[in-house]
Amino acid sequence: MSDFFKSSSSSSSPSDMTAKKEAVMNGVRSEIALASAQELINKTNEKCFAKCIAKPGTSLSGSEETCLSRCLERYLETFNIISKTYSARLSREREQRQLNQI
């Protein structure tokens with residue numbers, strides 16, 4: 001990665017630099033996505049546990065299992081809706097920027 005930040009030599013074309021920048025950005029996006037997924041899992045565990053488990057014990061009752069399942073489904077459904085909406089927004093903004101550059 002240190003090569004990326006060095007000044008471009010005569011062998012590096014602008015398209016090479018663009019490809020390197022895009023590769024770095026894709027890596028950053030992947031790391032952000034992973035961190036977001038981990039945060040979602042942690043928050044879901046905290047919230048659903050607090051909501052569904054009145055008295056922690058060695059096993060879950062049927063109602064606790066049902067509550068946890070429904071709670072998790074709601075969180076994941078909400079996350080998916082938000083993710084799709086956000087991705088669509090980013091795509092529209094990216095397209096708009098590209099149109100403005102022409």
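**View 1. Helix 2 and helix 3 cross with right-handed geometry.** A crossing counts as right-handed if the near helix is turned clockwise from the far one by less than a right angle, and as left-handed if anticlockwise. The model is predicted: local features need pLDDT of at least 70, side-chain atom pairs count only at pLDDT 80 or more, and totals for chains, interfaces and linings use all residues. Residues are numbered from 1 along each chain as its sequence is written, and side-chain values use heavy atoms, with hydrogens and water left out. Helices are DSSP runs (H or I, at least four residues), numbered from the N terminus.

**View 2. The contact between helix 2 and helix 3.** Helix 2 contributes Leu-40, Thr-44, Lys-47, Cys-48, Phe-49, Lys-51 and Cys-52. From helix 3 come Glu-64, Cys-67, Leu-68, Cys-71, Leu-72, Arg-74, Tyr-75, Leu-76 and Phe-79. Contact means heavy atoms within 4.5 Å. The residues divide into 11 nonpolar, 1 polar and 4 charged. Here Ala, Val, Leu, Ile, Met, Phe, Trp, Tyr, Cys and Pro count as nonpolar, Asp, Glu, Lys and Arg as charged, and the others, Gly among them, as polar.

**View 3. The disulfide between Cys-48 and Cys-71.** A disulfide is a pair of cysteine sulfur atoms within 2.5 Å; by this rule the count comes to 2. In this one the S to S distance is 2.0 Å. Its S-S torsion is about -85°, so the disulfide is left-handed. Cys-48 sits in helix 2 and Cys-71 in helix 3, 23 residues apart, so named as distant parts of the chain.

**View 4. The disulfide between Cys-52 and Cys-67.** The sulfur atoms lie 2.0 Å apart. The torsion about the S-S bond is about -70°, so this disulfide is left-handed. The pair links Cys-52 in helix 2 to Cys-67 in helix 3, 15 residues apart. Cys-52 counts as buried because its relative accessibility is 8%. Counting bonded cysteines along the chain, the disulfides follow the pattern 1-4, 2-3.

**View 5. Thr-44 in helix 2.** Thr-44 has 5% relative accessibility and therefore counts as buried. Leaving aside neighbours within four places in sequence, Thr-44 is in contact with Phe-49, Leu-72 and Tyr-75.

Methods. Helix = DSSP H or I, 4+ residues; strand = E, 2+ residues; numbered from the N terminus. Buried < 20%, exposed > 50% of the residue type's maximum accessible area, 1.4 Å probe, protein only.
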